[in-house]
2 protein chains.
Amino acid sequence: MDELDASIVRLLQSDARLSNRELARRLGVAPSTALERVRALTRRGVIRGYGAHVDLKALGRHAEALVSVQLGRHQRSMYETFRETVGSWPEVVTLFVVSGGSDIVLHVAVQDVEQLHAFLVDRLATRPEVARFQTSMVFGRDHNRVLEPLDGEGPGA
Amino acid sequence: MDELDASIVRLLQSDARLSNRELARRLGVAPSTALERVRALTRRGVIRGYGAHVDLKALGRHAEALVSVQLGRHQRSMYETFRETVGSWPEVVTLFVVSGGSDIVLHVAVQDVEQLHAFLVDRLATRPEVARFQTSMVFGRDHNRVLEPLDGEGPGA
DNA sequence: AGTGAAAGACATTTAAA
DNA sequence: TTTAAATGTCTTTCACT
């Protein structure tokens, strides 16, 4: 992960559709070099994929919430089932596995407040693993879509 | 937002680097049609950009947390300053503006637990707007990177 | 709104340093 | 690892439906 790799990762985070030619031009290297670097980063799992960022409201999702969930005392396998099931529900944008006051935090985005209530009552509350949950409405959200590498001890690492 | 648009949005969320030709082939339309649809979706703000998904650990970020922040009684302008400043700190992946027990929830990702503590004590706690905060370690995370449109009343909307 | 053909731009491979 | 050249594919425009 040298400076060239760091630049590639930065540029592709901010625009995944950059042509390889343009990427190479901005890096000051040959296109084939850029191509090989991108492939290596992908092979090493640094770059995990490319996605379009879509406006949630344009998808008809006008209500967002963070839901802190406490699970009951169950076996690990039940936690994993919960995570896999709930994490792939279409209403769930992100599922966080956390410690502290809660076990799971869900970021959900649905059509409106009514649908949010329906989600909480009909879908979440009926899961046998759920003991309690607490909901915070989300009124705004800022994503840092370009994340820089953080080094342990200076730029030499 | 007809079914063709919905398919485009789905396909580009799952792979932003799909060639326009391949996109058109999967949609069953001509490349020029696919191109115009994608441009219209971009113009209308449905597609907001394209990004590479990068492994946080590959960026040297091995510790993640959700930090619930309560702000003091300040003017709106100070809240906005806080949001803009903190939301663009490199440690912050996402900033949520919420209601309920807290005013702000931060998803932060840093090198290790030591750096997390330093972030909380040296950077967050020293902000004048911050009254209290509470930290939950994040041990796992599942993103739903392909979000479908949710319709109010059936597929006809 | 959708299409097909044409021109130019591009990705990708290869051989070599 | 990086490069330049070459091939085949792709994006994009435009006249037409």
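## Close-up views of a predicted protein–DNA model

View 1. β1(A) and strand β1 (residues 47-54) of chain B pair in the antiparallel sense, with seven bridges between them; two strands count as paired if DSSP finds at least two bridges between them. Helices (H or I, at least four residues) and strands (E, at least two) are DSSP runs, numbered from the N terminus. In this pairing, A:Y50 sits opposite B:A52 of β1(B). Strand β1 (residues 47-54) of chain A has seven of its eight residues buried, so it is largely enclosed by the rest of the structure. Buried means under 20% relative accessible area, exposed over 50% and partly exposed in between (1.4 Å probe, protein chains only). A word on ground rules: this is a predicted model, where local features need pLDDT of at least 70 and side-chain atom pairs count only at pLDDT 80 or more, while totals for chains, interfaces and linings use all residues. Residues are numbered from 1 along each chain as its sequence is written, chains are lettered from A and ligands numbered from 1 in the order in which they are written, and side-chain values use heavy atoms, with hydrogens and water left out.

View 2. Eight strands close up in the order β2(A)-β4(A)-β3(A)-β5(B)-β2(B)-β4(B)-β3(B)-β5(A), with antiparallel pairing. Neighbouring strands here are turned by 35 degrees against each other on average, direction ignored. Helix α4 (residues 76-87) of chain A packs on the sheet, where it touches β2 (63-71), β3 (92-98), β4 (104-110) and β5 (130-143) of chain A, plus β5 of chain B, and its direction makes about 160 degrees with that of β3(A). Over in chain B, helix α5 (residues 113-124) lies across β2, β3 (92-98), β4 and β5 of that chain, at about 150 degrees to β5(B). For these angles, axes are lines fitted to C-alpha atoms, for helices over the stretch in contact, and values run from 0 to 180 degrees between N-to-C directions. Contact means heavy atoms within 4.5 Å.

**View 3. β3(A) and its two partners.** Seven of the seven residues of β3(A) are buried, so the rest of the structure largely encloses this strand. β3(A) pairs antiparallel with β4(A) over five bridges, and A:F96 has A:V105 as its bridge partner in β4(A). The hairpin of β3(A) and β4(A) has five residues between the strands, and A:G100 there takes a positive phi near 100 degrees. β3(A) also pairs with β5(B), again antiparallel and over five bridges; in that pairing A:V98 stands opposite B:V138.

**View 4. B:H107 and its surroundings.** B:H107 belongs to strand β4 (residues 104-110) of chain B. With 2% relative accessibility, B:H107 counts as buried. Its side chain makes a polar contact with the side chain of B:E64, at 2.7 Å. A polar contact is a pair of N or O atoms within 3.5 Å; within protein, one must be able to donate a hydrogen and the other to accept it, and residues adjacent in sequence count only if both atoms are side-chain atoms. Neighbours within four places in sequence aside, the contacts of B:H107 include A:F96, B:E91 and B:R141. B:E64, for its part, has B:V138 as its bridge partner in β5(B).

**View 5. DNA strand C.** Among the residues around DNA strand C are A:S19, A:L35, B:L4 and B:R37; a residue is near a strand if one of its heavy atoms lies within 4 Å of it. Of the DNA strand C atoms within 4 Å of the protein, 70% belong to sugar or phosphate and the rest to bases.

**View 6. DNA strand D.** For DNA strand D, 72% of the atoms within 4 Å of the protein belong to sugar or phosphate, with the rest in bases. A phosphate oxygen of DNA strand D is 2.3 Å from a polar backbone atom of B:N20, and one is 2.7 Å from a side-chain N or O atom of B:R39. The largest share of the surface near DNA strand D, four residues, comes from α3(B).
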